[in-house]
Amino acid sequence: MGISNFKDFSINEEHEFNPNETKERLKRREQQNIERFRAAQDREDPFAVEYYQLRISIDKLDLKKLEYQTKIHQLKQKYGK
């Protein structure tokens, strides 16, 4: 799997906002990357170990981003914006 296969996470506000579905998808992606990280450790592949450490860090950032976007969405709903 190369870097070209990396898919950037974003929420398009033009579509229906579903934070629960997005959170589950992100958690599944994080779990897959954790499994790949462990496999890389088992086969002692230093590139893959570092690569998946970075991917897991991105996953954590995306989950935090979703948390903030959910709060923004709730704020917009509260004030009818």
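**Exercise 1. In which helix is Thr 70 found, and is Thr 70 buried or exposed?**

Solution, step by step:

1. Start with the secondary structure: Thr 70 sits in helix H2, which covers residues 46-78. Helices here (H or I, at least four residues) are DSSP runs, numbered from the N terminus.
2. Next, look at accessibility. Thr 70 has 16% relative accessibility, so this residue counts as buried. The cut-offs are under 20% relative accessible area for buried and over 50% for exposed, with partly exposed in between (1.4 Å probe, protein chains only).
3. Now look for partners. Beyond its neighbours within four places in sequence, Thr 70 is in contact with Phe 17 and Pro 19; contact means heavy atoms within 4.5 Å.
4. Finally, compare sequence and space: Asn 20 and Thr 70 are 50 residues apart in sequence, and their C-alpha atoms are 9.7 Å apart.

A note before you go on: this is a predicted model, where local features need pLDDT of at least 70 and side-chain atom pairs count only at pLDDT 80 or more, while totals for chains, interfaces and linings use all residues. Residues are numbered from 1 along each chain as its sequence is written, and side-chain values use heavy atoms, with hydrogens and water left out.

**Exercise 2. Which residues form the largest nonpolar core?**

Solution, step by step:

1. Recall the term: a nonpolar core is a set of buried Ala, Val, Leu, Ile, Met, Phe, Trp, Tyr and Cys residues joined through side-chain atoms within 4.5 Å.
2. List the members. The largest core has eight residues: Ile 34, Phe 37, Ala 40, Ala 48, Val 49, Tyr 51, Tyr 52 and Ile 56.
3. Assign them to helices: H1 (19-42) and H2 each supply at least two residues of this core, and H2 gives the most, with five.
4. Zoom in on one member. Leaving aside neighbours within four places in sequence, Val 49 is in contact with Phe 37, Ala 40 and Gln 41.

**Exercise 3. Where does Glu 44 lie, and what is its phi?**

Solution, step by step:

1. Locate the residue: Glu 44 lies in the loop between H1 and H2.
2. Read the angle. Glu 44 has a positive phi of about 55 degrees, although it is not a glycine.
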